[in-house]
Amino acid sequence: MAKSEFATLKPGDEIQPLTKAPITREQLLDYGPASGDMNPIHRDDNFAKAAGYPSVFAHGMVSMGFLGELLAARFGANNIRRFRVRFGAITWPGDVITCKAKVVKNYEAEGERRLELDLATVDQKGEVKITGSAVVAV
């Protein structure tokens with residue numbers, strides 16, 4: 001969708017979603033050092049099992065990063081004015097995450113056209129992992 005077309009979106013319109021490849025254990029091993037989150041619950045199955053989980057699981061910020069990727073890809077990183085999320089469910093290795101955005105409001109503020117968006121990530125079973133909101137300039 002061209003940037004000028006975003007300006008005509010109305011409440012309820014959906015932005016083209018972004019679906020990521022399945023989460024891998026290798027991805028979690030790489031993400032920890034990159035993010036500074038070396039919690040063994042994301043890296044060590046024995047540790048995760050001792051804590052009561054069936055296996056390691058993804059850092060919440062992995063899926064938040066996917067939502068950021070959606071916003072940057074569709075609107076440009078420098079057009080993101082606000083970005084908030086609430087973590088709701090664990091993302092497991094093998095989960096396929098789809099990032100979704102729906103228009104809540106199309107308005108003018110500070111001399112620019114903006115969209116307020118509802119955000120969510122869902123897995124291949126439809127389980128919502130993260131909900132959130134964003135404001136982007138269009």
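The model on display is a predicted one. Lys129 belongs to strand E5, which spans residues 128–137.

The side chains of Asp123 and Lys129 form a salt bridge, with 3.5 Å from N to O. Asp123 counts as buried because its relative accessibility is 5%, and the cut-off for burial is under 20%.

Next, display Asp95. A salt bridge joins the side chain of Asp95 to that of Lys129, at 3.3 Å, N to O. Because Asp95 sits in the loop between E2 and E3 while Lys129 is in strand E5, this pair ties together parts 34 residues apart in sequence. Both Asp95 and Lys129 are buried. In general terms, side chains of opposite charge can pair when their charged atoms come close.

**The loop between E2 and E3**

Remain in this loop and select Thr91, which lies between strand E2 (80–87) and strand E3 (98–109). Is Thr91 buried or exposed? Thr91 is buried, with a relative accessible area of 5%. Leaving aside residues up to four places away in sequence, Thr91 touches Ile23, Phe57, Ala58, Ser63, Ile97 and Lys129.

**Across to helix H4**

Move to Glu69 and Lys20, whose side chains meet in a salt bridge of 2.9 Å, N to O. Glu69 is in helix H4 and Lys20 in the loop between E1 and helix H2 (25–35), so that distant parts of the chain, 49 residues apart, are linked. Glu69 is partly exposed, at 33% relative accessibility, and Lys20 is also partly exposed, with a relative accessible area of 21%.

**The nonpolar core**

Which residues of the largest nonpolar core touch the most other members? Select Ile15, Phe75, Leu115 and Leu117, which hold that position in a core of 29 residues. Two or more residues of this core come from each of strand E1 (14–19), helix H4 (60–75), E3, E4 and strand E5 (128–137). Helix H4 contributes the most, with seven residues.

Centre the view on Phe75. Apart from residues up to four places away in sequence, Phe75 touches Phe6, Ile15, Leu115, Leu117, Val136 and Val138. In soluble globular proteins, nonpolar side chains tend to be buried together.

Proceed to Glu110, in the loop between E3 and strand E4 (112–122). Glu110 counts as exposed because its relative accessibility is 73%, where the cut-off is over 50%. The phi angle of Glu110 is near 50 degrees, a positive value in a residue other than glycine.

**The whole chain**

The protein chain has four helices and five strands, arranged from the N terminus as α-β-α-α-α-β-β-β-β. Its C-alpha atoms fill a box of roughly 55 × 30 × 20 Å along the principal axes. Buried residues account for 38% of the 138 residues. Among contacts with a separation of 6 or more, 63% are between residues 24 or more positions apart.

The accessible surface is about 7300 Å², and 51% of that area belongs to carbon and sulfur atoms. Colour the chain by charge: the mean positions of the 18 positive and 17 negative charges are 3 Å apart. The structure holds 10 salt bridges, among them the Glu69–Lys20 pair.

Notes
Residues are numbered from 1 along each chain as its sequence is written. This is a predicted model: local features need pLDDT of at least 70, side-chain atom pairs count only at pLDDT 80 or more; totals for chains, interfaces and linings use all residues. Side-chain values use heavy atoms; hydrogens and water are left out. Buried means under 20% relative accessible area, exposed over 50%, partly exposed in between (1.4 Å probe, protein chains only). Contact means heavy atoms within 4.5 Å. Accessible areas come from the Shrake-Rupley method with a 1.4 Å probe; for residues, only the protein chains shown count as cover. Lys and Arg count as positive and Asp and Glu as negative; His and the chain ends are not counted. The place of a charge is taken as NZ of Lys, CZ of Arg, CG of Asp or CD of Glu. A nonpolar core is a set of buried Ala, Val, Leu, Ile, Met, Phe, Trp, Tyr and Cys residues joined through side-chain atoms within 4.5 Å. A salt bridge is a side-chain nitrogen of Lys or Arg within 4 Å of a carboxyl oxygen of Asp or Glu.
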